[in-house]
Every structure is written in structure tokens, then in C-alpha cells.
Amino acid sequence: MKLTKFSNLFLLGATLAMTVNGCKTKPPNVTYLPDPAKGPIKPPGAFQEDVKNTTPLPNPNPGRNPNGLGNGGTVQPLDNGSKIPGGDGGNSKPLVESTPIVAAPPTTNAAPIEFGNGTAPNPLGTHDGWNANSDILKDQSILFEFDKSAIQSSEQSKLAAVADYLRSNPTVAVRVEGNCDERGTSGYNLSLGERRALAGREYLIKLGIDGARIDNITWGETHPADTGHNDAAWAKNRRDDFIILTAPKP
Amino acid sequence: MKKLFYFALIAASLAASGSLPLQAQEQPIEIGGTASFSGTRKPILIHLSGFTGEVAEVLKFDLYVMGFKEETSENALYELSGSNNGDVKAELRFTRGGGGAGAAGRPASLLAQIYTGPNARALAHRLADDVVLKVTGINGIAETHIAYKSGSGRTSEIYIADFDGHNAQEVTHDHSDVAAPCWVPGRMALYYTSYKLGGPSIFYHNLSTGERRNFAHYGGMNSAAAVSRDGRRVAMILSKTGSPDVFVCDADGSNLKDLTPTREDESSPCWSPDGQWICFAGKVKERRALCKVSANGGPIRPLETAMGSPSEPDWSPDGKWIVFTSQHGGNFDICVVPAAGGAAVALVSGEDPSWAPNSRNVIFVKRSNGNRVLSLLDVPTKQVKDVTRLSGRESSNSQPSWAR
């Protein structure tokens, strides 16, 4: 009993300590990312897709509602469990016609999405439409410890090689792609992959590379380098890949 | 259990005296700890007779998911009898395990209805919900819907389906990667993450009209949208400040605010039903923790769970509980903790939970041979049923969101 009380006190203390300290505040060396398009969020409708050619899918509304029985369905009280009541309707509920679901239009064989004023947004960074080459720096992918996004000292020479390549080829840009192994939850891994991509980006900036030449993206756990389900595969999957981007020929 | 026993006595005497049909109630959910709720309840024993084929299958599935268990007529507390020749006729009685023919004679009827309509599944779902409402006093979830990610690796699409996986429909066909679908409460609309434009950006998709717009496409990551119950505010993860943070903005994208200006990576924000708080997965002193922050900004407060590596929180619609994933090594558990924090209870192996509108059921993800399967959990009884998988395309389904 005493032990329980003591551990409760300890828990309370730990909670208070964490409350006071909170999460870490942002250090000054975190760099802001360039907005892909001017005016980050367009007014509603600016990115609206053309829905004229979509096929409505029949489906009831979500949640408990009168539509669940489909068109023409009714519920009526049973008279003594046997007879069906007459045409007076009893307690039957009127059923509203269900709302169709309309899927987004397919984009493979269709015209591209219209983006209002024609400036397509580019969450990747500022190098939309550039040619991507994943071979050039494929040996420079850097690895991370489980659940960490700090650059390991063993990986610094690869980052130096990436920086050297960028210095030697001043017209190219690079995309840092952050990846995770499958052992995290998917929502968490998307954020962790982003943190890893940003760690790579920050390190390159420290080595003197202009941040405007560096895009970043997180793939979470969806782009494993090794599809195995073991320690060796996971170690290869916790990584940043460096993709060289070259401007398209005019 | 004692309560239930006394209640059974009272109910039986009422039935014996031939009073009006009973509005039987399950014992109320007690506040004050998970011990009284999560994984501690006995299932409600029911006997089904007279139903066949798909109607019988649906009834059994739905009632099991919502905390019932089939028993022999002698031992069941409730008897659901009927038929399904075209129409579905059903009668529910409280039998106290008397098999419907005890000394007191034919027990009073709690429900006697005829369900008419072209879709037998829909009729059976409605009947299951009516039974649940009569017995527990709480709306069932048999007519609700889910959204989820289908597919894995570099190609996946957003789907919606009935809560049991039937009537699945593809919402996107972008041949891109998607993530984190989220219903707008009470609306036929979703937010989700898509790589359609390159990196992860957030789309709003009106399912009634097909209108789709890019809701957030700042530099870096845009993901994990969560909508407040009134639909007016959206929480999400953006990394435009150089680190993934929880942001909140109005539904039109205005009044954007960084609620967690940390260097750490935050993920999976969710709203308290009153719209005051946002709970998310963050880090405290390098250790992963659930945290909450006022939706208007303020200090980040850790939420004690006493569980390792928590992530993916979801706040129950009644405000009382937070369900989340705890990770240990490569394994995951679905856990429930009081919304104020405390000792969480681990219920079942799985991840990425989402509450049903009844604050009782949870849909979550199981890993199986490299694929992911959606599964339904009844939190009080720990009863679990896998969501039916209907087509080859859906070999891997994950990231469910329950419409509520």
C-alpha cells in the first residue's frame, strides 16, 4: 500500500515536472521552408476540380439516419408479433432518398486539375517539374537509429559527399526523402520521416548549401529500401535518400 | 455484475406482473477509472431464432460487435425471434434465461417490428440497432460508415464503406499515395492526405458533389487533418516552420496558428468533443508521450498514460476517454485512458484506433503477413471482429476513420 502511494507521488511529481518543462522550444537554427506557391491557402473553390464528368455512386449518408434501409424501406410495428398492420402506416418512418457519393474524377485519362490562376501548388518545394535522378547519390543515403532523427556521426561523410556534389554542380537541386521502418505507427512515421528529411536538409545548410536548392519530402514507411520484416531490413529503411533534380530543358 | 443481478430481478418481476414493455437499461458507465469500463464487462447474453442466411449473419455480427453474445435459450437474458422471408419480422423479449416460457408465462415484448425494404442487409442492420437501443439505451452503430486507406506502398486510395466493410467504394483514384482520412462530423465530406501533387498535402472532398479542393499545401509536410465537432476548425500537422508541428485553422484556411512550436515531431492531432482541447502524439524530454494543448494556444501538457511510446490518440465522442496505440518493440496495443490522464488499459493487439459515435466501439488495424486488416473492438467486453474484406484490391486496409 505504501509502495502504491509512493509510486503515485512519483507519478504526480513526474507529471508536474513535465508540465513545467513542457516540450522543447524551437531552437534558433531551425529553418523555415519556402512556401510552394504564393498565398499558401487559396480561397475556397480556387482548387476545385471539374466535377462534370464524375459518376455518382449510390450510398447512404454516414451515421444513423433514415436512409439505411435504402429507397422505399419502412419499419412498422408488428401486431402481436404475427400480423402485418394495415395500410394506416402505424409508426412507420418516412425514408429520405439517399445522397449519392461522388468520387473525385480520375486523373490518369483526364485533363489535369485546374488550379485557378494556373499556378499549380508544389508541396515538394520550389522545383516542380524538374527531372529527378535517384542513382547519382544512391550510395550516400544516410541511416538513422530506431525512432531517432539525429544525424549519426557515421553518416556525416556521406552528407559531406552530397554537399560536395551540389557545390560541383551549381545548377542542380536536391530532394531529401525521409523514410522510416515499419515498426512505428503510420501517423507517427509520417512525421518522423519528415523530421529526418529536415535533419538532412539542416545539415546540408550547415555545410553551406543554399536552402533554396533543397526540397524535402516524407514517405513515412511506404517506400522501404528492403521489404523484409527483420532487423537488417529495418536498419536499411530508416534513411534519407538524396535525389538530384535538374531543370527541364526549355 | 451485482447491479445487473438486482436489475434482472426487478425486470423479471415487472415482466411477471404484465406491465408495459420494458425499456431495459444496461448498467450505466461509471466515471472515475478505466477499471469500470474498458475490458471489464460481461457480454449481454441473447438467443437468436428464426433468422436465416444473410439476415442471420448480419444480426450475429452486429450484435457481437456491440457487446452481445449468443447463448442457448435457457441461459440467454434476451430472446430475439423472427423470420426473414422478404420482410424481416422480429420480436425481442427479456427472458431472464427462462427460454420465453418460464413460470411467469410469455415474457413481455420489448420490440415487435416488421422491416420492409429491398436490401436485406440494411433491414438486419436496422433491427440490430433497434435491439441495442432497447437493451442498452444507447444508439447502435450498425448503420454507420467508415473511411480508410486501401493499398500499401507507393499506391493507395481512400475508400468508404459500411462499418462492417460491406459496400466499399473508392473515393479517390489518383494512383498516388494517400493517408489519414478524416470525416467532417455529421457531413458527407472527408479531409485526407494525398501525394497527388508531389508531397503530402491535405485535400477536402465533398462526397455529395465530388467537389475537391487542396486545403493545405505549405512547404514540407501537410497531413493528419482533424475536424472539430462543429466543423468550423481543422487541426493538422504542418512542417513549414522546419519541424512537424500541430497547427489549427478555420475551415476556410484562415487564422492559421502553430500550437506546438517545438523542434520535435508531433503527429495525429484529435479534438475534445467540446472543441477546447487538442490531444496529439508528441515528445516530452525526448520520450514519446501523449500531450494536449488548448485549441486557442497555450502550454503543452503531457497526458499521463503509464504506457510506452503512445501515439495516434482519438478522443471519445462522449469526452470521457482517449484511445491510442502503445508501441513496445515491433508490437502495438490498443489502449484506453481517461481523458484527464491516468493508468491506461491495454485491450488488444493493434494500432490506429478510431472511436465509433457510441463511444463504445473502436475500429483499428491489425497486421497480418505484411498486410493490414481493419478490425472492430467492443471496448467494454473486448470482443473483436475483423471487418470483412471483399475484393483483391483491398489486400491491405489501414488508417480507419469512423463517421460520427
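The secondary structure of chain B comes to three helices and 29 strands, where helices (H or I, at least four residues) and strands (E, at least two) are DSSP runs numbered from the N terminus. This is a predicted model, in which local features need pLDDT of at least 70 and side-chain atom pairs count only at pLDDT 80 or more, while totals for chains, interfaces and linings use all residues. Residues are numbered from 1 along each chain as its sequence is written, chains are lettered from A and ligands numbered from 1 in the order in which they are written, and side-chain values use heavy atoms, with hydrogens and water left out.

**Chain B overall**

- Of the 404 residues in chain B, 63% are buried, meaning under 20% relative accessible area with a 1.4 Å probe and protein chains only.
- Chain B exposes about 13,500 Å², of which carbon and sulfur atoms supply 50%; accessible areas come from the Shrake-Rupley method with a 1.4 Å probe.
- Among contacts (heavy atoms within 4.5 Å) in chain B between residues at least 6 apart in sequence, 45% join residues at least 24 apart.

- Strands S4 (residues 87-94) and S5 (residues 109-116) of chain B run antiparallel and are joined by six bridges, with Lys89(B) standing opposite Ile114(B) in S5(B).

**Helices H2 and H3 of chain B**

- The axes of H2(B) and H3(B) come within 9 Å and cross at roughly 35°, and the crossing is right-handed, that is, the near helix is turned clockwise from the far one by less than a right angle.
- Residues making this contact include Val55(B), Val58(B) and Leu59(B) of H2(B) and Ala124(B), Leu127(B) and Val131(B) of H3(B).
- By class, the contact of H2(B) with H3(B) has ten nonpolar, one polar and three charged residues, with Ala, Val, Leu, Ile, Met, Phe, Trp, Tyr, Cys and Pro counted as nonpolar, Asp, Glu, Lys and Arg as charged, and the others, Gly among them, as polar.

**The four-stranded sheet of chain B**

- An open sheet with antiparallel pairing has the order S25-S26-S27-S28 in chain B, and its edge strands are S25 (351-355) and S28 (383-386).
- Strand S27 (residues 371-378) of chain B pairs with S28(B) over four bridges, and the bridge partner of Ser375(B) in S28(B) is Asp386(B).
- H2(B) also lies across S26 (361-368), S27 and S28 of chain B, running at about 135° to S28(B).

Key: Pairing = 2+ DSSP bridges. Axes fitted to C-alpha atoms, helices over the stretch in contact; angles between N-to-C directions. Buried < 20%, exposed > 50% of the residue type's maximum accessible area, 1.4 Å probe, protein only.
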